[in-house]
Amino acid sequence: MPFIPLKRFATMNPYILVSAVNMQLRDEFESLEDLCKSQELDGAALRARLEEAGFHYDEKQRQFK
């Protein structure tokens with residue numbers, strides 16, 4: 001599966017963004033922190049962007065719902 005860069009997450013459609021983030025968490029990374037570190041993202045800003053769209057991060061399942 002191709003790696004989807006998330007550098008422009010602030011302007012991405014939130015439904016595409018949550019899909020891309022969840023796919024990468026499932027397939028490539030052990031945690032949201034690892035994903036953010038790997039792509040040099042501000043984790044708090046990413047969470048806030050997805051929370052604005054109604055998604056909340058589930059630590060146990062490692063995905064936004």
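The stops below begin with a helix and then move to its neighbours and to some loop residues. Keep in mind throughout that the model is predicted.

**Stop 1: helix H1**

Select residues 14–27, which form helix H1. H1 has 14 residues, and the distance from its first C-alpha to its last is 20 Å, close to the 20 Å expected at 1.5 Å a residue. Now look at the start of H1, where a side-chain oxygen of Asn13 comes to within 2.7 Å of the backbone nitrogen of Tyr15.

Next, colour the buried residues of H1, among them Pro14, Leu17, Val18, Val21, Asn22 and Leu25. What covers the buried residues of this helix? Show helix H2 (32–39), helix H3 (43–52), strand E1 (57–58) and strand E2 (63–64), which are included in the cover.

**Stop 2: H1 against H3**

Two packed helices are described by the angle between their axes and the distance between the axes. For H1 and H3 the angle is about 130 degrees, and the axes are 10 Å apart. H1 is therefore oblique to H3. On the H1 side the contact is made by Pro14, Leu17, Val18 and Val21, and on the H3 side by Leu46, Arg49 and Leu50. An α-helix has 3.6 residues a turn, so residues three or four places apart point the same way. The crossing of H1 and H3 is left-handed.

**Stop 3**

Select Leu25, which is in helix H1. Is Leu25 buried or exposed? Leu25 counts as buried because its relative accessible area is 0%. Leaving out residues up to four places away in sequence, Leu25 touches Ser31, Leu32, Leu35, Tyr57, Arg62 and Gln63. To set a distance in view, draw a line from the C-alpha atom of Leu25 to that of Phe55: the two residues are 30 residues apart along the chain, and the line spans 15 Å.

Go to Asn22, also found in helix H1. Asn22 has a relative accessible area of 15%, so it is buried. With residues up to four places away in sequence not counted, Asn22 touches Gln63 and Phe64.

**Stop 4: Arg62, between the strands**

Select Arg62, in the loop between E1 and E2. Arg62 was listed above as a residue that Leu25 touches. The relative accessible area of Arg62 is 27%, so this residue is partly exposed. Check its backbone as well: Arg62 is not a glycine, yet its phi is positive, at about 50 degrees.

**Stop 5: the loop between H2 and H3**

Glu40 is in the loop between H2 and H3, and it counts as exposed because its relative accessibility is 66%.

Then select Leu41, found in the loop between H2 and H3. Leu41 has 12% relative accessibility and so counts as buried. Its contacts, not counting residues up to four places away in sequence, are Leu6, Lys7, Phe9, Leu35, Cys36 and Leu46. Finish by drawing a line between the C-alpha atoms of Leu41 and Arg8, which are 33 residues apart in sequence and 9.5 Å apart in space.

Methods:
Residues are numbered from 1 along each chain as its sequence is written. This is a predicted model: local features need pLDDT of at least 70, side-chain atom pairs count only at pLDDT 80 or more; totals for chains, interfaces and linings use all residues. Side-chain values use heavy atoms; hydrogens and water are left out. Helices (H or I, at least four residues) and strands (E, at least two) are DSSP runs, numbered from the N terminus. Buried means under 20% relative accessible area, exposed over 50%, partly exposed in between (1.4 Å probe, protein chains only). Contact means heavy atoms within 4.5 Å. The expected span of a helix is 1.5 Å times one less than its number of residues. A polar contact is a pair of N or O atoms within 3.5 Å; within protein, one must be able to donate a hydrogen and the other to accept it, and residues adjacent in sequence count only if both atoms are side-chain atoms. Axes are lines fitted to C-alpha atoms, for helices over the stretch in contact, and angles run from 0 to 180 degrees between N-to-C directions. Angles under 35 degrees count as roughly parallel, over 145 as roughly antiparallel, 65 to 115 as roughly perpendicular and the rest as oblique. A crossing is left-handed if the near helix is turned anticlockwise from the far one by less than a right angle, and right-handed if clockwise.
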